[in-house]
Amino acid sequence: MSDRILIIDFGSQVTQLIARRVRESGVYSEVHPFHTVDEALLENFAPKGIILSGGPASATWTEAPRPIEKVYQLGIPVLGICYGQQIMMQQLGGRVDTSDHQEFGRAYVDVQEDCALFHGVWDVGAKEQVWMSHGDRVGKIADGFRVVATSEGAPCAAVADDSRHFYAVQFHPEVVHTPHGTQLLENFTHRVCGCSGDWTMAAFKEQEIAKVREQVGDGKVICGLSGGVDSSVVAVLLHEAIGDQLTCVFVDTGFMRMGEAEEVVSLFKDHYNIPLIHKDASEMFFEALGDETDPEKKRKIIGGLFIDVFQEEADKINDARFLAQGTLYPDVIESVSFTGGPSVTIKSHHNVGGLPERMNLKLVEPLRELFKDEVRALGRELGLPASFVGRHPFPGPGLAIRIPGQALTREKCDILRKADAIYLEEIRNAGLYDAIWQAFAVLLPVQTVGVMGDARTYEFVCALRAVNSTDGMTADYYHYDHEFLSRVSNRIINEVRGINRVVYDCTSKPPGTIEWE
């Protein structure tokens, strides 16, 4: 088994980034909320090192969240980040103070002494940029530690206990705003913990195939194939593991992009020869939505009908005992908050939730330990076409949430499909597709006056959206040059009957969301 790093979560907004950075260096890691980490988990997980995340709490609170003392008694390295540093110091005999000098955002640390964390990255005497986000600070370090870096607002910005291999930093090395943060984390995992960095997607694939075969045995598996990257990777992985014991069910809602339904059927039925049920239920979805314009109600209607149609088709498969889902690691992490309480729902998500209970099926979730970029890497490892694996994210409700504020009709979907196809074609022609995280067109509930030839037109407005992001949690709009936007606009207006005006959305997330609904 590959080396493992355990990340104990105290509720930081960027804890997932710690796991991503560690995995990028070839070391397997998992995030577990602090209240779930007991002695049994520590023994079963057998980490080579532990990282304590940041969090919104104060280590000065009487009921401050803290890891169990066993974490410091295992004889393995521990790294505390931000709140993780503070609670480590508090537990080991130091002191945390509420500071008058808070630091939020870019800051600079002065490297005072060398340590294994800094080796080959930071030199003594250097001033290095980091990202801070703290109100409290360590006022007194625990016995055995020494201060190795300071900042204006944190006199103990980095501390080290070389004999026990305990390290702690007030800043966040996991974010891109700490330029050398990735190397610092790699020093911890490789130099301090002694991890070999041998966790690869090829190894994961073989491991997961073996796990699926053991779980499923000779049972039949149903996979809901949406046409997206996640469900497609699940389908190909399962087919490699269990062959014709797998049947995929593809429910065509009528809200997919241009030519996508045909591509899915061709790829999985013809190329991979995977048993596939293709149900064109588009008429049912248009009828069910009627004149509904509320985005949450649209999602609920689509999700509920999807489950009904999927179940009806799946019931035709005799003796199925398992349902495969494309659950990803962020879904797993976010389903259990660090306090155990509920989190705020910005939008409901469209998936096959509820099906296992209704159909009395057991779940198979081979991607539940992977982040989105790792799923793409697994897809490449499985031989899926690069153009398919590298496709931009596409929401479960599809075009239904890209026609905001108006009743959905087949005509409007066709108008949007054509505009979207032209937009993506121009992006590819310009060599920009892989440089953009997600791009799409939106059909607005607005009609405007235009002139085409000598005739007056009164048609829809099309909005173009393009963003860059690493994980979808935050995003910045893509900065096209005006020549590109002009070319796309001209093509859409000239080639898509029903649109006479094109606008570009330059809103970042936050305050906006990536999708319009």
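Which residues of helix H12 are buried?

What we have here is a predicted model, in which local features need pLDDT of at least 70 and side-chain atom pairs count only at pLDDT 80 or more, while totals for chains, interfaces and linings use all residues. Residues are numbered from 1 along each chain as its sequence is written, and side-chain values use heavy atoms, with hydrogens and water left out.

Let's start with confidence. The pLDDT is the predictor's confidence in each residue, from 0 to 100. The protein averages 89, and 93% of the residues score at least 70. Residues 340-354, though, have a pLDDT below 50, and this stretch has 22 contacts in the model beyond near neighbours in sequence. By contact I mean heavy atoms within 4.5 Å.

Now the overall picture. There are 15 helices and 18 strands in the protein. Helices (H or I, at least four residues) and strands (E, at least two) are DSSP runs, numbered from the N terminus. The C-alpha trace spans about 80 × 60 × 40 Å along its principal axes. For 517 residues, a compact globule would have a radius of gyration near 24 Å, and the protein's 26 Å agrees with that. That radius is taken over C-alpha atoms, and the globule rule is 2.2 Å times the number of residues to the power 0.38. Among contacts with a separation of 6 or more, 76% come from residues 24 or more positions apart.

How much is hidden inside? Of the 517 residues, 56% count as buried. Buried means under 20% relative accessible area, exposed means over 50%, and partly exposed is in between (1.4 Å probe, protein chains only).

So, back to our helix. In H12, residues 372-381, the buried ones are Glu374, Val375, Arg376, Leu378 and Gly379. An α-helix has 3.6 residues a turn, so residues three or four places apart point the same way. Just after H12 comes Gly383, with a positive phi of about 90°.

Two other residues have a positive phi without being glycines. Take Ala46, at about 50°, in the loop between helix H2 (39-45) and strand S3 (49-52). Then there is Cys82, at about 55°, in the loop between strand S4 (78-81) and helix H3 (83-91). Buried or partly exposed: what is Ala46? Ala46 counts as partly exposed because its relative accessibility is 44%, whereas Cys82 is buried at 4%.

Next, please find Phe118, in the loop between strand S5 (95-111) and strand S6 (127-140). Its relative accessible area is 1%, so Phe118 is buried. What is Phe118 in contact with, leaving aside neighbours within four places in sequence? The list is Val111, Glu113, Val148, Ala149, Ala158, Leu184 and Asn187.

Last stop: the segment after strand S18 (499-504), where Pro510 lies. The peptide bond from Lys509 to Pro510 is cis, with omega near -15°. Another cis bond joins Pro510 and Pro511, with omega about 15°, and Pro511 also sits in the segment after S18.
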